[in-house]
Amino acid sequence: MEVAPTQAHASRSTYLKVFAFLAVLTAVEVSVAFLIGTAWLRIAFLAVLAIAKAGLVVAFYMHLRFERIPFRIIALGPLILVVLLASALLLERNLPR
Amino acid sequence: MSHATAHIEENPSTIPGLSTRKFTMWLFLASEVMFFTGLIATYIAIRFGGADWPIVSQKLNVPLVALNTFILIVSSVTMVMAFAAIENGDQKGLTKYLIATAALGALFVSIQGFEWSSLLAEGTSANTSLFGATFFTLTGFHGAHVSGGVLALLLVVFRSMRGRYTLADHQGIELMGLYWHYVDVVWIILFTILYLI
């Protein structure tokens, strides 16, 4: 466990490891976009990959993993609304007109 | 503020260990999340609402923009390395990495400008179709955020060269980083939605 709650950040080697993951995930994304033909499967894969990349940046580069609870709530709270809005819009498209 | 917490942050805070400046930056970023959500939601509603849509992989230069995505990710790495440098009191390293970040940001905007001019040359503009309208609105607002970030970075580079940031006082670098990484996160999402799906 880290001792100093607000000053604990990741090390350079962690930053570079995260970079390696981001680079690989980007390459996988582009491959998936061209290789997977089934639309829903491709979109599901791409959504998971994008969320993984965004999560890595937020957790390590923006240090959210090392922040106190109030920061986490502020940062992640709106994302619940984002998911609700996106889901509502997508579901609405599938309803009979 | 008690003396016990005074060493944690340079700036006074009402809650021990919680910096007011950083808190404010996160609040701003939360409002920015909602701003882009509104635009992305509009895009989803229009595109999947049955609008006439081009085949994205034929219309857009995906390999070029994949490279541009990579450039923006590398700029996030240089930004975080700038922060790591000043955490070790390395002012020269800080300036070096900040310049690299600003340069990569400018490169990103330049490549986007090239992409835009290619599309405009083919006759795809914000006026010609719903695809064009949403595409230019989303990439335009994001590009404006990157451009604003580059300008802010140049200011921070200037201050860094004058020795403004030290081992003891470098919160400005952390706040600059928060904004820059946020803009990177928005692009990660936009790249997937606009170019890959």
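Reader: Just after α4(B), which phi does B:Gly89 take?

Author: Welcome! This is a predicted model, where local features need pLDDT of at least 70, side-chain atom pairs count only at pLDDT 80 or more, and totals for chains, interfaces and linings use all residues. Residues are numbered from 1 along each chain as its sequence is written, chains are lettered from A and ligands numbered from 1 in the order in which they are written, and side-chain values use heavy atoms, leaving out hydrogens and water. Just past the end of α4(B), B:Gly89 has a positive phi, and its value is about 75°.

Reader: Which residue caps the N-terminal end of α4(B)?

Author: Helices are DSSP runs of H or I with at least four residues, numbered from the N terminus. At the N-terminal end of α4(B), a side-chain oxygen lies 3.2 Å from the backbone nitrogen of B:Leu64. The residue that supplies this oxygen is B:Asn61.

Reader: How far apart are the end C-alpha atoms of helix α4 of chain B?

Author: The expected span of a helix is 1.5 Å times one less than its number of residues. Helix α4 of chain B (residues 62–87) has 26 residues, so it should span 38 Å. The model agrees with this, as the end C-alpha atoms are apart by 37 Å.

Reader: Is α4(B) mostly covered or uncovered?

Author: A residue is buried under 20% relative accessible area, exposed over 50%, and partly exposed in between (1.4 Å probe, protein chains only). In α4(B), 21 of the 26 residues are buried. That makes the helix mostly covered.

Reader: How many helices does chain B have?

Author: Chain B has 197 residues, of which 54% count as buried. From the N terminus on, its elements run α-α-α-α-α-α-α. There are zero strands, and the number of helices is seven.

Reader: Turning to chain A, is A:Lys53 buried or exposed?

Author: A:Lys53 sits in helix α2 of chain A (residues 39–61). Its side chain makes a polar contact (a pair of N or O atoms within 3.5 Å, one able to donate a hydrogen and the other to accept it, with residues adjacent in sequence counted only if both atoms are side-chain atoms) with the side chain of A:Glu29 at 3.0 Å. Because its relative accessibility is 0%, A:Lys53 counts as buried.

Reader: How far apart do the C-alpha centres of domain 1 and domain 2 of chain A lie?

Author: Bounds from an automatic or database domain assignment divide chain A into domain 1 (11–66) and domain 2 (68–97). The distance between their C-alpha centres is 20 Å.

Key:
Helices (H or I, at least four residues) and strands (E, at least two) are DSSP runs, numbered from the N terminus.
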